Amino acid sequence: MPRYTVHVRGEWLAVPCLKCTNTIGWLGKEAVRRYMKNKPDNGGFASVEEVKFYIRRCKGLGLLDLDDTVEDALEDNEFVEVVIEGDIMSPDFIPSQPEGVHLYSKYREPEQYISLDGNSLTTEDLVNLGKGLYKIKLTPEAETKVKQSREVIERIVKEQTVVYGITTGFGKFARTVIPNSKLRELQVNLVRSHSAGVGKPLSPERSRMLLALRINVLAKGYSGISLETLQQVIEAFNASCLPYIPEKGTVGASGDLAPLSHLALGLIGEGKMWSPKSGWADAKYVLEAHGLRPITLKPKEGLALINGTQMITSLGCEAVERAGAIARQADIIAALTLEVLKGTTRAFDTDIHAVRPHRGQAEVAFRFRSLLDSDHHPSEIAESHRFCDRVQDAYTMRCCPQVHGVVNDTIAFVKDIMMTEINSATDNPMVFAERAETISGGNFHGEYPAKALDYLAIGVHELAAISERRIERLCNPSLSELPAFLVTEGGLNSGFMIAHCTAAALVSENKALCHPSSVDSLSTSAATEDHVSMGGWAARKALRVIEHVEQVLAIELLAACQGIEFLRPLRTTTPLEKVYDLVRSVVRPWMKDRFMAPDIEAAHKLLVEQKASVWEVAKPYIEKYRREHIPESRPISPTAFSLGSLEMNTGVGHDHGHQDEL
């Protein structure tokens, strides 16, 4: 017998359908009848017949014809919504559409798997898991370790040993011993009471990353969770059943308790949950629609699900991956700006950077040479000012290797910490099967990722700070020798005037966001947890800073391409012409004023989409230059700095541009 889950005014109702010939209108009336039955005042209605409504799918919000049969219009267990005429929908929470849900209109269940063992997950893997590109399974070794650690917990319960979080209360109640008959209730109460977060829910991608990372930590075999329960968690992930997780509420020690509790709450069938099939609905209905059962928590399992730094770290992994991507592309955009402003490549000479051999600095200088070397890529623009009388460029161009370089080094440092953290056991107490005992410690403290992500925000911000100054030079005719604000008929047209203001506003906002959250600490849990990391805010604001950096660089990219228009018919180097062509494939030249925000958004997408990004267009030329300029007699060290094929090299660069350089 088919059954449908129907949303009426905030209530979710399961409506069985005895006859396949019943209509969509019948389904709506039956749902309203059940809704009225549950309300003391009948929901304010005298009868079902007087209620006027329409019905739409939860996924995609497509309207349904009331005269169609349920058999023809709906799949079994589909989620629909009854919208009563005259009701005003809240603008703050649309049950079927969380932020970014439009990305799932083409959701396809992945066929490939990533095997997790708790030791070998990468930041790139985690981001791809967040995008829904893979399902998860455990390695046989991980399954064995999970079973062994669970045996320790079962022995503790059987022998009624007093162990924190297993047979005692939590935090201030650590000395309160709980009888065996209430150990399961203890775990459920823990999850319910700790689900106290506020704010917007995490996007599906970020919820999926959080869930995947918690699975990876549990797979290490130091948490005491049963293999049966862990497999249920994995089944929920593979079905993309994602609990409602408010983004605010963690202080980053003892772990990310509030967000992870919301994660666990959905898995036990309480609270809200989202899936591509259902949209937002009560968790028990979403699980049931996917053929899954809510988890029944056994001793220690609630604590195992919520104790750790996975909120900080999962968001941190997204941050460090996006930071790496925008740092690579910042070099390309700056090189294009240098061409437009008729700068010199002398500042990128190999010998300059060999005597100050920071790895990031050397790599950035190399990228500039690979894009601008006149012997490899003749530039008509560069040739046009070869014998000009200018001596040297402003710092925003000349010092790109030094400024962009330390950003690259910062990202590599933070990525190293994130790689360690995502493969670390962060529970308390820890279960050591080989010693047959549990030990209380502090691995849940988020200071490592918190400090690292504060540092990341400070480092990456500088890409926007220096980019905004280059935008100023492009827009200022006294500095660029181009039309003011990069537009003809200035005065009638304003061109990039306010786009530059937007960049300045974002840079200013970043300065406030770069204040370290991890310098703060507030004592919680009646002074039991008397020092915390505030890592959740460190992660969220790092992502905001990086998004602003991406947007500022998108504006510079547009401005540089617009500057090219005023230098035609002269052409720049081949790789930079390819970048120009990519931009022009989505944004046409600025001939007169038009609505600019869509152009900025289109350029932003070119920086964040992997398959058609600025980096992907320029990368083949950079790597070809690398192959040709790594001396055969000097092998690359296996410990060479790595970030997007980042390596020390001694490739010789030839200058173009100004006649003299001091």
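Q: What share of the 662 residues in the chain is buried?
A: In this predicted model, buried residues make up 56% of the 662. A residue counts as buried when its relative accessible area is under 20%.

Q: Why is Gly405 called buried?
A: Gly405 has 1% relative accessibility. The cut-off for buried is under 20%. Gly405 therefore counts as buried.

Q: Where is Gly405 found, and which residues is Gly405 in contact with beyond its neighbours within four places in sequence?
A: Gly405 sits in helix H16, residues 400–422. Its contacts, with those neighbours left aside, are Gly360, Gln361, Val364 and Cys400. A contact here needs heavy atoms within 4.5 Å.

Q: How do you know that Gly405 and Gln361 are apart in sequence, and what is their spacing in space?
A: Gly405 and Gln361 are 44 residues apart in sequence. In space, their C-alpha atoms are 3.9 Å apart.

Q: Why is Ala436 called partly exposed?
A: Ala436 has 45% relative accessibility. Buried means under 20% and exposed means over 50%, with partly exposed in between. Ala436 falls in between, so it counts as partly exposed.

Q: What makes the phi of Ala436 worth a note, and where does Ala436 lie?
A: Phi of Ala436 is near 55 degrees, a positive value in a residue other than glycine. Ala436 lies in the loop between strand S13 (430–432) and strand S14 (437–439).

Q: Why is Ala527 called exposed?
A: Ala527 has 53% relative accessibility. The cut-off for exposed is over 50%. Ala527 therefore counts as exposed.

Q: What is the phi of Ala527, and where is Ala527 found?
A: Ala527 has a positive phi of about 70 degrees, although it is not a glycine. Ala527 is found in the loop between helix H19 (497–513) and H20.

Q: What is the omega of the peptide bond that joins Ala253 and Ser254, and where is Ser254 found?
A: Omega is about 5 degrees, and the bond between Ala253 and Ser254 is cis. Ser254 is in the loop between strand S10 (246–248) and helix H8 (257–267).

Q: How do you know that the radius of gyration agrees with a compact globule?
A: For 662 residues, a compact globule would have a radius of gyration near 26 Å. The chain has 29 Å, which agrees. The C-alpha atoms fill a box of roughly 85 × 65 × 45 Å along the principal axes.

Q: How many helices and strands are in the chain, and what share of its contacts join residues at least 24 apart?
A: The chain has 23 helices and 14 strands. Among contacts between residues at least 6 apart in sequence, 76% join residues at least 24 apart.

Q: What are the domains of the chain, and how do domain 1 and domain 2 relate?
A: The chain is divided into domain 1 (3–84), domain 2 (113–307) and domain 3 (316–521 + 532–628). The centres of domain 1 and domain 2, over C-alpha atoms, are separated by 33 Å. Their contact takes 11 residues from domain 1 and 11 residues from domain 2.

Q: What is the accessible surface of the chain, and how far apart are the mean positions of its charges?
A: The accessible surface comes to about 28,200 Å², and 52% of it belongs to carbon and sulfur atoms. The mean positions of the 74 positive and 86 negative charges are 3 Å apart.

Terms used:
Residues are numbered from 1 along each chain as its sequence is written. This is a predicted model: local features need pLDDT of at least 70, side-chain atom pairs count only at pLDDT 80 or more; totals for chains, interfaces and linings use all residues. Side-chain values use heavy atoms; hydrogens and water are left out. Helices (H or I, at least four residues) and strands (E, at least two) are DSSP runs, numbered from the N terminus. The radius of gyration is taken over C-alpha atoms; the globule rule is 2.2 Å times the number of residues to the power 0.38. Buried means under 20% relative accessible area, exposed over 50%, partly exposed in between (1.4 Å probe, protein chains only). Accessible areas come from the Shrake-Rupley method with a 1.4 Å probe; for residues, only the protein chains shown count as cover. Lys and Arg count as positive and Asp and Glu as negative; His and the chain ends are not counted. The place of a charge is taken as NZ of Lys, CZ of Arg, CG of Asp or CD of Glu. Domain bounds come from an automatic or database domain assignment.
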